[in-house]
Amino acid sequence: MKTIQLTALLSISIICQCICQSTISGTITDENGPLGYVNVVLHSLPDSNTVTVIATDANGTYQMEAIQNGSYYLEALMLSYVDLISESFQLENESIILDMNMVEETNLLNTVEITARVPLLEQKADRLVVNVAKSLTSVNGSLLDVMKKVPGMIVVNGKLNMAGNSSVTILINGRSTQYLDMESLLREMPSDNIEKIEVITQPGAEFEAAGTGPIINIVLKSNKMYGINGNVFAGVGKGETSKRSVGMNLSYRQGFLNVYGNAGISNNKSNERFLLDRTIGETVYNQQNSIPFDPTTLRINVGADYYISKKQEVGLSLKRSSSEGDRIQTNLSKIISPFEDENRTFNTTNAVDRGWEFLSGDAYYTIKLDTNGQKLELDLNISQFDTEKSNLITSEEQDGRSNNFLDTKYDQPGLTKFWVGQLDYTLPLSKSIEFKTGAKYTDASIDNNFRSEFLKEGEWNFNEDESNHYLFDETIGALYTKLNYSSKDWNVTAGLRYEDSRSIGYSITIDSTLNRDVEKLFPSASISKKISGPISAALAYSYRINRPNYTTLNPFVLALDPLTSERGNTNLLPELTHSSKFTLTYDGQPFFNLEYRDTKDAIVYVTEQNDDTGEASATNVNLDNLKQYNGSLFLPLEMFIPGITGYTGVIANYNKYDSEYLNETFDRSKLSITSFIQVKFQLPLGLSAEASGWYVSGGQDGIIDFGHMYGSEFGVQKKLLDDKLSVNLSWSDPIYRYWNGNLNFANMQATMQSQWEINVVEMRVSYTFGNQHLKKKEKRQGRASSIIQRASEDK
């Protein structure tokens, strides 16, 4: 009987709750008619708490359902319009219609038009931000192409060098890429989903201590708009090879929920060449390498953010990227000797079949513990990088003589798995002092089975000397604390990070184990002050470590042709760097920098040679010491030339190596000057234009001395259909000079040239749909305003 009574009471309660609900609907207009994509906020009385947030559709209508009985008022918010608050009203099991008319705020509109223009460069407290999303050049390129937008960044043969520093650490949305094949990702991942690039030269204690050079954080695009919005795009390009891409971005943001996704497919072919002349005694070894790339890359990303309450939010995102491509690399090698019978010519082909798949899942939870800024953030990531690569190398002599080089086949399957957990806590101790602390744990495992076979008498034979099944496991535990003091004119930070990394590399093939444990404290500090008016000065220091990539520790040997090969180095040590930097900024923009770095056991990519056989091999080694002196000057062009935006600058870098290498003293130094310019301006017929160029005077990169080089890019854009349709046309490297290097050390004398694809013309068409209005920043800081602001922040 009691059960029946309880069921009846529960049923009555549910029925009453369903009955005691109301609906609110209406239309938002301005003087021109219905107004779409207005943020409509429902507040309860008397506490003014936020009940729900929605956006009007394209016809200006909205509807809120299942509202409990009570007293409420509405607030309508939209960029460039005056905030509108309705009269209070009472709901009693009814459906009411509330139409509202908004008034455009002319003065505010003018202000927004000025401040909303994002500069190409922004100098933040701890980083230089390069806003590449609106760039008119490299419109269909790869991540590698976008890297050229970073001032001072030089891209040669797929490798990055920034202002004389080749120890560049890449992050994607703040996440490490140390366990990934970044050379493949940089070449093959499309650039259409990149919002900006952050250059962090003096990272604080909250960042991993990994990387002794600048940290490059690639920030992907995210949804900032309410309602349904997105864009579709397609691009084509032609240089020496063809390029094409197509994709779509779609998002839905309503109330406390944000759902987003994007997908794209691209086929960006390219071709590189590497020319090498080596001299051994009176014999010249001339080699010409052609390296084509033909990747078909697919990416799919989905995710959601949910704002549980005013203080809590959670999110989940899933990413998948994959690439497939085969190519034929060719090599022409000539041995030119004063003795005619020793002259030889080899033709070598390397048939490469390569594919990779990257899977990643992210989850986060954030809770604001009070209204003063105390918060707790939890971040989890699980990722997997799966690669398959095979090479079939064949070589023959042009004159028909016997060839001692046997046809060789390599299979290189690899699987990388890792997970990362991070917890950060922020506690404001006062209005001026903030304390941060956190912990991070990384667990990675790599399985790489490098298998070599050679063809002899019609049969493939296993080559144990060149093969290696290599397992690598690494864990990194980290703790950090950071204290920040800020006032009207001063900002001071001090941080300390502790890292305990433990790695085991095990070669199954040769039954060899390499253990490497590193426990260290990494301090960092900075101080900045407003000097006069818009001018500020800052001084920063950090101590960092660059651990060798696991692939460089793998004792593999990969023959590229009869005369050259590539191999790993199990004895490679991590490099450690002390770095200090002085900075001047003008109105927040980059202005002047002085930097000094002192690196122990610098990791350098070198070539070594066997004079008896004439063979050369490339590997990574440690050089004892590298000192770097760097100065840079940035100037925003709009300060001097009305009607344009952009920047120009110059970087002076002095590298000095001091080491014992190959039983000789390597003591080399050289001054390198890098200059660059990027400018955006308007042309007739509503065209926007962009031009950029860079020049490097030469420099010292490890044991190689390289000469001057330069490049250029031009682009134009036309917007149509109320700026929803955008047509971009770009032209890459019409003015250029290739990288030329000279090697003269120990027993090696060589000249070399790296060539990349030039005169590439690309076109991209993009159509944007849905709500493209950002919410206006509220002048009040009430509870509802903070809710809307959080819902509109860039995640």
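Trainee: What is the mean pLDDT of the protein chain?
Mentor: This is a predicted model, and the mean pLDDT of its protein chain is 83. Of the residues, 86% reach 70 or more.

Trainee: Where is confidence lowest, and where is it highest?
Mentor: Helix 6, residues 783-792, has the lowest confidence, at a mean of 29. Strand 49 has the highest, at 95.

Trainee: Which stretch has pLDDT below 50, and how many contacts does it have beyond near neighbours in sequence?
Mentor: Residues 106-117 have pLDDT below 50, and the model gives this stretch 7 contacts beyond near neighbours in sequence. Over residues 774-795 pLDDT also stays under 50, and there the model has 64 contacts beyond four places in sequence.

Trainee: How many helices and strands does the protein chain have?
Mentor: The chain has 6 helices and 50 strands. Of its 795 residues, 50% count as buried.

Trainee: Why is S467 called buried?
Mentor: The cut-off for buried is under 20% relative accessible area. S467 has 4%, so S467 is buried.

Trainee: Where is S467, and what does S467 touch?
Mentor: S467 sits in the loop between strand 31 (459-462) and strand 32 (468-486). Leaving out residues up to four places away in sequence, S467 touches F450, R451, S452, F462 and T509.

Trainee: What makes the pair of S467 and S452 a polar contact?
Mentor: The distance limit is 3.5 Å between N or O atoms. A polar atom of the S467 side chain lies 2.8 Å from the backbone nitrogen of S452, so the pair is within that limit.

Trainee: Which residues have the most contacts inside the largest nonpolar core?
Mentor: They are L623, Y661, I703, M709, W739, L743 and M752, in a core of 26 residues. Strands that each supply at least two residues of this core include strand 39 (589-610), strand 40 (615-636) and strand 41 (645-661). Another core, of 21 residues, lies apart from it, with L128, V130, M153 and I197 among its members.

Trainee: What is I703 in contact with, leaving aside its neighbours within four places in sequence?
Mentor: I703 is in contact with V604, V606, T607, Y661, F666, R668, N742, L743 and M748. Contact requires heavy atoms within 4.5 Å, so each of these residues has a heavy atom within that distance of I703.

How values were computed. Residues numbered from 1 in each chain as written. Predicted model: local features only at pLDDT ≥ 70, side-chain atom pairs only at ≥ 80, totals over all residues. Heavy atoms only, no water. Core = buried A, V, L, I, M, F, W, Y, C linked by side-chain atoms within 4.5 Å. Buried < 20%, exposed > 50% of the residue type's maximum accessible area, 1.4 Å probe, protein only. Helix = DSSP H or I, 4+ residues; strand = E, 2+ residues; numbered from the N terminus. pLDDT = per-residue confidence, 0-100. Polar contact = N/O pair within 3.5 Å; in protein donor to acceptor, adjacent residues only side chain to side chain.
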